[in-house]
Amino acid sequence: MMASEDMRRVLLHGGAEEWFDRAARFAGRLAREFNAELHVVYVVSEPLSAGFTAEMPTARLPELHAAVEEEARQRLGRVLPAEVLDHVTIAIRIGETSAELLRYTAENPVDLAIVQGSDEHARVFVDRGRSSVLILRS
């Protein structure tokens with residue numbers, strides 16, 4: 001068993017998929033149990049190529065970033081207790097998902113990365129990550 005001082009930062013790859021709410025609840029329980037920070041990292045691979053952003057000029061990317069973060073906070077607010085939300089950092093990254101997740105953990109060391117089992121990015125954390133990895137089944 002890990003001592004509570006051994007797990008101070010937990011990372012969860014954010015997503016809109018159905019599994020994410022279950023993963024967020026699980027990550028929140030771990031963070032609360034270990035009194036750890038929870039880092040939820042969302043990666044947008046091509047922010048100008050889909051949906052309402054198709055005609056958005058690049059100068060408006062900060063607005064898109066703020067909208068994604070606000071949506072993430074609302075979603076997390078529905079699944080995490082307030083005492084956990086106080087220790088959540090939401091990060092929005094733009095780029096290739098695996099590379100951005102690894103870059104985030106290099107810049108913000110985490111003790112445990114939680115990824116979804118069918119997520120191709122799980123293998124990247126196992127092979128090249130600097131933290132322990134918890135793979136959740138979908």
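Two strands pair if DSSP finds at least two bridges between them; strands (E, at least two residues) and helices (H or I, at least four) are DSSP runs, numbered from the N terminus. The model is predicted, so that local features need pLDDT of at least 70 and side-chain atom pairs count only at pLDDT 80 or more, while totals for chains, interfaces and linings use all residues. Residues are numbered from 1 along each chain as its sequence is written, and side-chain values use heavy atoms, without hydrogens and water.

Q: What makes β4 and β5 a pair of strands?
A: They share 5 bridges in the parallel sense; the requirement is at least two, and therefore they pair. Leu112 has Ser132 of β5 as its bridge partner.

Q: Why is strand β4 (residues 112–116) described as largely enclosed by the rest of the structure?
A: Buried denotes a relative accessible area under 20%, exposed one over 50%, and partly exposed the range in between (1.4 Å probe, protein chains only). In β4, 5 of the 5 residues are buried, so the strand is largely enclosed. Leu112, Ile114 and Gln116 point one way, Ala113 and Val115 the other, and all are buried. In the protein, buried residues make up 43% of the 138 residues.

Q: Why is Arg130 called exposed?
A: Its relative accessible area is 72%, and the cut-off for exposed is over 50%; therefore the term applies. Arg130 is found in the loop between α5 (121–128) and β5 (132–136). Its C-alpha lies 7.5 Å from that of Thr105, although the two are 25 residues apart in sequence.

Q: Which residues make the contact between α1 and α2?
A: The axes of α1 (residues 19–34) and α2 (residues 61–79) come within 9 Å and cross at roughly 65 degrees. Contact means heavy atoms within 4.5 Å; Phe20, Asp21, Ala24 and Arg25 of α1 meet Arg75, Leu76 and Val79 of α2.

Q: How many helices and strands does the protein have, and in what order do they follow along the sequence?
A: There are 5 helices and 5 strands, arranged in the pattern β-α-β-α-α-β-α-β-α-β. Among contacts between residues at least 6 apart in sequence, 61% join residues at least 24 apart.

Note on methods: Axes fitted to C-alpha atoms, helices over the stretch in contact; angles between N-to-C directions.
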